[in-house]
Amino acid sequence: MAFNATLTIDSGIAKITMSGELDASMAPVLQREVENAEAQKPKRLVLLMSDLEYIASAGLRALVFAKQKMGPGVDIYVVGAQQQVMDTIQMTGFDRSVITLETYDAGIIDNI
Amino acid sequence: MKRSTVPATLDSLDAVAEFVMAAATAAGLDKRASYRLRLAGDEIATNIIVHGYVEAGLQGALELRADIDDRTLTLSIEDTGVAFDPRQAPVPETDLPLEQRPIGGLGVYLAMRSVDEFLYERIGDRNRTIFKIHLSPASSEESGRA
């Protein structure tokens, strides 16, 4: 199983692009990128999920960690999540604590 | 009936997922039901490996079994790790904002919500966790038309 997470930070916006299948064995990969993002004190965290095929609770815990580390002032965006991934996010109620977008909307995300 | 035995390490999650998805395909589950069964199997396997074996300093295996009949796909996972009845796990407060969430407790909750029946048996020194998915002839006809 493959999972990749790539972090870029530009103008205070941290973006993590994920692809593949995120289970408990791969969650440390995402956790590390969330920590790297947090160290740069970004204003927003954007999770690009269109190529993410699967997410387990271990992956969702990285979101809890991110929110708790970065604080309520840093909005987290979940962009392009596939239907089944979004179902899981909704089952846990996380959709109420993050901003979900079907596609990347620069007018919303880049407008700080 | 299919069986597979995998070592109780996180590296086995791939093999668990493959086993579950093969059973889902054999039973004719649609994409959504397959995903949810995989989620249930993955979460429970993770829980057994992490809490039942690794954190307890134990080594062992997970025995997977899948049975399919006309009406039901039954998947079971047996282990000899620490006794644990997932049905007794506290239900997470999904209304809480992320800032106030405890870090754990979501996996079992997701697993139990993702299948039609969730059973647990303690047999001697073994935990047996059982998932059942009800197979509906109507849904396979629908997917055939789509």
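In the predicted model, the interface of chain B and chain A holds 11 residue pairs in polar contact, both residues of each pair being at pLDDT 80 or more. The elements that give two or more residues to the side of chain B that touches chain A are α1 (13-26), α2 and α3 (106-113) of chain B, and the largest share, nine residues, comes from α2(B). Sorted by class, this side of chain B has 12 nonpolar, six polar and 11 charged residues.

The extent of the interface can be described both by residues and by area. In terms of residues, 29 residues of chain B are in contact with 29 residues of chain A. The size of an interface is often given as the accessible area lost when the parts come together. For chain B and chain A the buried area is about 2500 Å², and carbon and sulfur atoms give 58% of that area. Charged pairs are found here too, since side chains of opposite charge can pair when their charged atoms come close. Between chain B and chain A the count is three salt bridges, and a salt bridge also joins R38(B) to E21(A), with the closest N and O atoms 3.1 Å apart.

The fold of chain B comprises four helices and five strands, which follow one another along the sequence in the pattern β-α-α-β-β-α-β-β-α. The radius of gyration of chain B is 16 Å, close to the 15 Å that the globule rule gives for 146 residues, so chain B is as compact as a globular protein of that length. Taken along the principal axes, the C-alpha atoms of chain B fill a box of roughly 50 × 40 × 25 Å. Of the 146 residues of chain B, 44% count as buried. When the contacts in chain B with a separation of 6 or more are considered, 65% of them are accounted for by residues 24 or more positions apart.

Helix α3(B) gives a view of how residues of chain B are covered. This helix is mostly covered, six of its eight residues being buried, namely L106(B), G107(B), V108(B), Y109(B), L110(B) and A111(B). The cover over these buried residues includes elements from both chains: α2 (57-70) and α3 (83-91) of chain A, together with α2 and β4 (117-123) of chain B.

Helix α2 of chain B spans residues 31-54 and contains G41(B). Because its relative accessibility is 0%, and buried means under 20%, G41(B) counts as buried. When neighbours within four places in sequence are left aside, G41(B) is in contact with V16(B), I77(B) and F131(B). A further residue, L10(B), lies 31 residues from G41(B) along the chain, and the C-alpha atoms of the two are separated by 13 Å.

Salt bridges were then examined over the whole structure, where a search finds 10 of them over all chains. Within chain B, the side chains of R65(B) and D67(B) meet in a salt bridge with an N to O distance of 2.8 Å. Both partners are partly exposed, with a relative accessible area of 29% for R65(B) and of 24% for D67(B). A further salt bridge joins D85(B) to R87(B), the closest N and O atoms being 2.9 Å apart. In this pair D85(B) is buried, with a relative accessible area of 15%, whereas R87(B) is partly exposed, with a relative accessible area of 41%.

R128(B) forms a salt bridge with E121(B), and the closest N and O atoms of this pair are 2.9 Å apart. R128(B) is partly exposed at a relative accessible area of 26%, and E121(B) is likewise partly exposed, at 32%. These two residues also belong to a network of salt bridges in which E63(B), E78(B), E121(B), R126(B) and R128(B) are linked.

Key. Residues are numbered from 1 along each chain as its sequence is written. Chains are lettered from A and ligands numbered from 1 in the order in which they are written. This is a predicted model: local features need pLDDT of at least 70, side-chain atom pairs count only at pLDDT 80 or more; totals for chains, interfaces and linings use all residues. Side-chain values use heavy atoms; hydrogens and water are left out. Buried means under 20% relative accessible area, exposed over 50%, partly exposed in between (1.4 Å probe, protein chains only). Contact means heavy atoms within 4.5 Å. Buried area is the accessible area (1.4 Å probe) that two parts lose on being put together, summed over both. A salt bridge is a side-chain nitrogen of Lys or Arg within 4 Å of a carboxyl oxygen of Asp or Glu. A polar contact is a pair of N or O atoms within 3.5 Å; within protein, one must be able to donate a hydrogen and the other to accept it, and residues adjacent in sequence count only if both atoms are side-chain atoms. Ala, Val, Leu, Ile, Met, Phe, Trp, Tyr, Cys and Pro count as nonpolar, Asp, Glu, Lys and Arg as charged, and the others, Gly among them, as polar. The radius of gyration is taken over C-alpha atoms; the globule rule is 2.2 Å times the number of residues to the power 0.38.
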